[in-house]
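Work through the exercises below with the structure at hand. Try each task before reading its solution.

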Amino acid sequence: MAKSLVIVESPAKARTINKFLGRGYEVKASMGHVKDLPKRDLGVDVENDFEPKYIIIRGKGKVLQEIKKAARAAETIYLAPDFDREGEAIAAHLAEYLGENGGAGKIRRILFNEITKRAILEAIQNPQAIDTNKVDAQQGRRILDRLVGYLVSPLLWKAFYRGTSAGRVQTVALRMVIEREEEIEAFRPEEFWSIDAAFTGASGNAFTASLQEIGGEKTRVPNGEEAARIAEDIPRHDYRASEIEKTVRRRQPPAPFITSTLQQEASKRFGFTARKTMQIAQGLYEGVDLKDEGPVGLITYMRTDSTRVADEAIAEVRELIGRVFGPGELPEKPVEHRKGKGAQDAHEAIRPTSAARTPDSLKTQLTRDQFRLYEVVWSRFVASQMKPALYDQTKIDVRGGPYLFRASGSVIREKGFLQVFEETNGKNGKNGKDRILPEVAEGENLRLGEVSPEQHFTQPPARYTEASLVKELEANGIGRPSTYATIAATLIDRKYMRREKQRFFPTDLGRDVLKFLLVHFESVFNVGFTALMEEELDKVEEGKDRWKDVVRTFYERFRQDLDRVNVEDAKSETEIVCDRCGKPMVARWGRNGRFLACTGYPECRNTRPLEGEEPEPTNETCDKCGGGMVIRSGRFGRFLACANYPACKNTRSIPVGVACPREGCGGQLTEKRTRAGRVFYGCSSYPNCNFAVWSRPIAEKCEACGFPLLVEKSSKARGDYLECPECKAKKELAAERSGEAAEE
């Protein structure tokens, strides 16, 4: 009896599905896309209405031969890639290939939101046609990105160096990061003062209230002199509770996760990058081998912008809530969550495939990161169908003379969904505490206690984290669930920005590349136009527009800009004259930073360091020639180099003045950098000694375990502190060092 063939993208997914289907089916993996535009040329016939030229991806020949062999023997061929645009394009290319090789008439497309036996069998019973609109939307996006990448990148190579590149969406994200940095640089802090006062009523319990108004006008105290004058005048008046307001506030449960909110929560809660979050989620979706069940998908499809949930999943989670938390925590009707603006609503929200699989029941069968991500997905989904949290909120207004003080407090009356889930560092996040105010009667006289003026300064806007950047991109309609994970990683890989303590800082190279792109392509690389293109691609997916019309609209605007480009704009002319041929020199970018180059190139190839970027002298001595060592910057960060270069090409890592803690090693810890640009500190005796730490080491012994060094750490809760890398004991920084850090 002939078997049916099921084709998916990944081997992990194939193993899970094979377990559900049994002997009558053979499951093969395509290993992702099988066709794409060629790497060596544009692959788009601009003169022939943007007709693409697809070729089989190098290395996929063997995979396709195996699939073709299995397809010839199969009675039916089921194409089961993911059901987003990329998955639909894979299905279309497989159908085209198999149709050309004897598979026509046997091909079916199947869709499922979760990898469970019920979902797979149901999909096979209800095959569908390939969604050509979705394929067209993917094709339109691919060609738009190819036009930008292949037509702009060569210009960047001439202006900067080979390897720089531009992306239709990534460049706009870089622009947002740089514009935020410019806001921070332009920001000038303004001084202001707050004034709090303690009051006591008949109950004898004191509470603190903040000054809100003076003479009926909202208070803004600009300086210490004014604050001192007001603080001196406040005790001259009598005070009473002029108004007391008590209300019950409801906090609604959050919607189940979509791609962007899962990435944001995982970033804030665990420090995961968007790419790491999606890798872990992919594994949970494709299947984990459970000892009692075998391979099973634990969560639904993780690339989605919809908060919609299947009826059977809602019924299951409501049953669990009533049984575990009690009927009182279950709303009368299922909770309906509003979908976000511009959501396609094609797939369900991210949820567990079965709410009955509690995180605790899986803890020993998942990796640490898998467990943490599954737990947050499960908790959020359960919370999304629970009752709201109720707060008793109290507001007390205190008046005396021209002054109005206000105290606010809230106490949880019913925890509701907060029993299960609370967002991290949100407006009402985990760090909040209940504030109980004493019972005070309206009109009651109050006794004034201590008056406390406090100085403050306005703060600049915060730099983007990966979570806040994804949130901003989503709010502006830029990118889609399938692209969020790669945006920041791509910009860091290109060295256009760097990540420090989870925040993004643009590099000088990133600033110069963006400046060049905006001079020539401002009409293309802006938020409004990029968002418009996303909307147009969505219309293609909905069947309301043609992909070629979208590409044409983009290209007509893009072509006008291309024709006006002058790559010399990226070369900054200087007043420095070449000491070999006498021609002017220009500032240029290379892989190792900026340098001066002679305008007489290629006849004169003279180059030299750019003024202000010359190597930094040190007290280190070259162990080969005895000369001095200087600090230079290279592709993978800073390093020590002999000052006698090129006669002596000796280099080594920069020491940080801390001995390696490994007994008998004798090495020194040095500053190093990964290929992704992340700084770490490793032993100079590597590979004989592989000791390394991510945080800067300090030559200070741990008081708890005696380990010979500590490392610098920082968190929102503690600020800067020291930690032992061996026993994790923590120690507060000395006051003078904390002050230095604050000044920096």
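**Exercise 1. Facing residues in antiparallel strands**

Task: Which residue stands opposite Gln-668 in E29?

Solution. The model is predicted. Start at Gln-668 in E29 and look across: Ala-659 stands opposite. Next, place the strands. Strand E28 covers residues 654-659, and strand E29 covers residues 668-673. The two run antiparallel and are joined by 3 bridges. Now move on from E29 to strand E30 (residues 679-683). Here 5 bridges join the strands, again in an antiparallel arrangement.

**Exercise 2. An open sheet**

Task: In what order do the 4 strands of the open sheet with E1 and E7 lie, and is the pairing parallel or antiparallel?

Solution. Read across the sheet: the order is E2-E1-E7-E8. The pairing is parallel. Then find the edges. Strand E2 (25-29) and strand E8 (107-109) each pair on one side only, which marks them as the edge strands. From one strand to the next, the twist averages 25°. Zoom in on E7 (residues 77-79) and E8: 3 bridges join them. Within this pair, Ile-77 stands opposite Ile-107 in E8.

**Exercise 3. Aromatic pairs around Phe-405**

Task: How are the rings of Phe-199 and Phe-405 arranged?

Solution. Begin with the count: the structure holds 17 aromatic pairs. For Phe-199 and Phe-405, the ring centres are 5.4 Å apart and the planes stand at 65°. An angle over 60 degrees counts as edge-to-face, so this pair is edge-to-face. Now locate the partners. Phe-199 lies in strand E9 (residues 191-200), and Phe-405 in strand E16 (residues 403-414). The pair therefore ties together parts that are 206 residues apart in sequence. Check burial next. Phe-199 is buried, at 0% relative accessible area. Phe-405 is buried too, at 0% relative accessibility.

Phe-405 also pairs with Tyr-239: the centres are 6.1 Å apart and the planes at 75°, so this pair is edge-to-face. Tyr-239 sits in strand E12 (residues 239-251), 166 residues from Phe-405 in E16. Both Tyr-239 and Phe-405 are buried.

Elsewhere, ring pairs link Phe-521, Phe-525, Phe-529, Phe-554 and Phe-558 into a cluster.

**Exercise 4. Charges over rings**

Solution. Repeat for Arg-180: its charged end sits over the ring of Tyr-464, 4.2 Å from the centre.

**Exercise 5. Backbone exceptions**

Task: Is the peptide bond from Tyr-686 to Pro-687 cis or trans?

Solution. Recall the background: most residues other than glycine have a negative phi, and most peptide bonds are trans. Read omega for Tyr-686 and Pro-687: it is near 15°, and the bond is cis. Pro-687 is in the loop between E30 and strand E31 (692-693). A cis peptide bond also joins Tyr-601 and Pro-602, with omega about 10°. Pro-602 lies in the loop between strand E22 (593-598) and strand E23 (607-609).

Turn to phi. Asp-49 is not a glycine, yet its phi is positive, about 55°. Asp-49 is in the loop between strand E4 (44-45) and strand E5 (51-52). At 28% relative accessibility, Asp-49 is partly exposed.

Conventions. Residues are numbered from 1 along each chain as its sequence is written. This is a predicted model: local features need pLDDT of at least 70, side-chain atom pairs count only at pLDDT 80 or more; totals for chains, interfaces and linings use all residues. Side-chain values use heavy atoms; hydrogens and water are left out. Rings of Phe, Tyr and Trp (its six-membered ring) pair if their centres lie within 6.5 Å; planes under 30 degrees apart count as stacked, over 60 as edge-to-face and the rest as tilted. Buried means under 20% relative accessible area, exposed over 50%, partly exposed in between (1.4 Å probe, protein chains only). A charge sits over a ring if NZ of Lys or CZ of Arg is within 6 Å of the ring centre and within 35 degrees of the ring normal. Two strands pair if DSSP finds at least two bridges between them. Axes are lines fitted to C-alpha atoms, for helices over the stretch in contact, and angles run from 0 to 180 degrees between N-to-C directions.
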